[in-house]
Amino acid sequence: MMAERNASMAISARGLCRCFGTRAAVHDVNLELRRGEVLGFLGPNGAGKTTIMRMLTGNLTPSSGTVEICGIDLLGKPREAKACIGYLPEIPPLYRELTVNEYLRFAARLHRVHSAKIHSALAKVTQRCGLSSTGDRLIGSLSKGYQQRVGIAQAIIHDPEVIILDEPTAGLDPNQIREIRTLIRDLAAERSVILSTHILSEVDNVCDRVQIVHEGRTVLDEYMERLKQKGTNLEESFAHFTKNHATS
Amino acid sequence: MIFVVAHKELKILFGSPLAWVILALAQLVLTWVFLAHLDTFLEIQPQLIRIANPPGITESIVAPSFALAAIVLLMTTPLLTARLIAEERRNHTLSFLISAPISITDIVLGKFLGLMIFLSVVIALAAALSLSLLAGGTLDFGLLLSNIIGLLLIAACFASLGLYISCLSAQPAVAGAGTLGILLGLWVMDNVAGEEDGITRSFSLLAHYENFNRGIIDTFGLAYFALFILIFLILSIRRLDGEGLYD
């Protein structure tokens with residue numbers, strides 16, 4: 001029964017803790033992502049969002065707690081679990097010396113996309129992220145917006161079950177933000193997404209559920225619909241939950 | 001997966017001027033010394049003929065060139081190993097490799113293999129230089145082969161050590177300087193040890209290479225090189241495996 005329930009979860013993380021030296025950056029955080037759900041992950045700077053995301057993607061070992069990706073234990077079977085994830089870190093991990101196509105082909109091979117399917121996967125993802133005309137350019141010569149798109153493209157090229165995006169719209173102009181938001185909404189139609197951001201309207205726009213962390217703890221975990229039913233504004237609750245704790 | 005990583009390494013390496021500059025400079029130095037030895041040999045050849053068992057061209061030209069090639073590699077490998085992991089860390093691409101469904105062993109071995117393929121090109125060029133002597137004489141292929149094997153092994157030692165030092169740092173320059181320092185230390189150790197057999201001599205990389213240089217492939221040397229490479233590769237894997245723990 002338990003296993004069945006977990007298998008229907010895209011991500012199930014329980015009791016995540018992480019200490020850096022004596023400082024606890026993340027303290028007993030639970031995070032659940034159902035399949036096909038978009039979770040908005042909010043919190044002030046330094047709240048532990050990035051730390052949590054790095055633990056979910058296997059980049060950081062939790063001090064305690066468990067992470068299951070699509071029912072597979074991340075610490076026990078890292079390779080199988082990581083195959084289900086597409087991850088865009090805060091700073092897109094790009095090789096400036098490679099062209100966009102070379103880089104994406106490498107990303108596909110690294111994620112074990114079958115060599116016969118790489119060509120179609122590449123065509124699909126460049127079309128989706130609006131990179132068709134920049135395929136032969138060096139990543140280092142692209143603008144920030146295009147680099148961000150390449151970052152998203154590498155996260156989705158292997159068609160993962162779960163997509164984790166850490167501030168995908170940071171530093172982009174309004175048009176680019178709108179394009180990327182549309183892209184995320186497209187992705188959300190078929191996949192589960194965790195979206196970390198500082199822009200509250202973005203969460204309002206694309207997310208089904210919101211989780212706010214503050215000082216390494218979860219302070220709010222609620223469906224957007226229910227928030228709207230209660231008539232609470234996201235901005236107010238964000239200010240309420242993150243200020244309150246800062247003064248207490 | 002090892003080959004995928006190695007392929008990427010080579011692509012980035014040859015995409016930068018560094019690889020070409022190193023190849024050109026190494027070849028320039030080697031050719032210079034090679035020609036100097038060839039010149040000396042031609043000068044003393046008339047006297048050599050009078051000796052009962054004169055040294056051949058392989059012994060008097062190829063072997064000294066290969067001895068120098070080891071020093072050239074000692075100086076250049078740190079430049080190449082420095083960026084292996086440290087630069088991935090600095091450019092935030094290490095998380096890209098770690099998030100991918102591949103093991104740390106694949107990453108480390110892929111990077112090592114990529115670098116070894118590049119170093120093999122340097123060694124192949126040195127070997128081609130020696131083969132050019134066939135135009136005017138015959139070569140002792142046994143001695144040449146032993147030199148090539150020795151050079152490959154010592155290059156692998158430099159590469160594995162450099163790879164490990166690169167795992168420890170987020171600054172390519174620091175990793176490069178550290179590796180160069182250690183390698184120079186090992187070289188000095190060899191000079192201090194002198195000719196007599198001692199414990200320092202048993203631990204010196206270049207002293208073991210000297211045997212290969214003279215055409216002696218001994219199991220002690222082979223075992224020493226293999227252990228050296230293995231230890232630093234395992235240390236690199238362990239260091240990167242713990243990446244998420246210490247960060």
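Mentor: Let us begin with a definition: two strands pair if DSSP finds at least two bridges between them. Please keep in mind that this is a predicted model.

Trainee: With that criterion, what is the order of the six strands in the open sheet of chain A?

Mentor: The sheet is open and its pairing is mixed. Its edge strands are S6(A), residues 85–88, and S10(A), residues 217–223, each of which pairs on one side only. From one strand to the next the twist averages 15°. Read across, the order is S6-S7-S8-S3-S9-S10.

Trainee: Within that sheet, which residue of S9(A) is the bridge partner of A:Phe41?

Mentor: Strand S3(A), residues 38–42, runs parallel to S9(A), residues 209–214, and four bridges join them. The partner of A:Phe41 in S9(A) is A:Gln211.

Trainee: Which strands does helix H2(A) touch where it packs on the sheet?

Mentor: Helix H2(A) spans residues 49–56, and its direction makes about 150° with that of S7(A). Another helix, H6(A), residues 144–156, lies across S6 and S7 of chain A and runs at about 165° to S6(A). The strands touched by H2(A) are S3, S7, S8 and S9 of chain A.

Trainee: Turning to the hairpin of S1(A) and S2(A), which residue takes a positive phi?

Mentor: Strands S1(A), residues 9–20, and S2(A), residues 23–34, pair in the antiparallel sense over eight bridges. In this pairing A:Ala13 has A:Leu31 of S2(A) as its bridge partner. Two residues lie between the strands, and the positive phi, near 65°, belongs to A:Gly21.

Trainee: What are the helix and strand percentages over the stretch of chain A that UniProt annotates as a domain?

Mentor: The unreviewed UniProt entry places "domain: ABC transporter" at residues 11–240 of chain A. The end C-alpha atoms of that stretch are 28 Å apart. Its content is 37% helix and 27% strand.

Trainee: In chain B, why are H1(B) and H6(B) described as oblique to each other?

Mentor: Their axes come within 7 Å, and the crossing is right-handed. The contact includes B:Val5, B:Leu10 and B:Leu13 of H1(B) and B:Leu113, B:Ile117 and B:Phe118 of H6(B); by class it has twelve nonpolar, two polar and three charged residues. Angles under 35 degrees count as roughly parallel and 65 to 115 as roughly perpendicular. The two helices are therefore oblique, with a crossing angle of roughly 45°.

Trainee: How far apart are the end C-alpha atoms over residues 107–135 of chain B?

Mentor: The annotation "transmembrane region", from an unreviewed UniProt entry, covers several stretches of chain B, among them 107–135 and 215–235. Residues 215–235 of chain B are 81% helix and 0% strand, with end C-alpha atoms 31 Å apart. Residues 107–135 of chain B are 86% helix and 0% strand, and their end C-alpha atoms are separated by 43 Å.

Trainee: Finally, which element gives the largest share of the side of chain B that touches chain A?

Mentor: The contact takes 19 residues from chain B and 23 residues from chain A. On the side of chain B, eight residues are nonpolar, eight polar and three charged. The elements of chain B giving two or more residues to this side are H1 (2–15), H5 (94–99) and H12 (243–246). The largest share, five residues, comes from H1(B).

How values were computed. Residues numbered from 1 in each chain as written. Chains lettered and ligands numbered in written order. Predicted model: local features only at pLDDT ≥ 70, side-chain atom pairs only at ≥ 80, totals over all residues. Contact = placed C-beta atoms within 7 Å. Nonpolar A, V, L, I, M, F, W, Y, C, P; charged D, E, K, R; others polar. Axes fitted to C-alpha atoms, helices over the stretch in contact; angles between N-to-C directions. Parallel < 35°, antiparallel > 145°, perpendicular 65-115°, else oblique. Left-handed = near helix turned anticlockwise from the far one by under 90°. UniProt positions renumbered as here; feature names shortened; annotations may be inferred.
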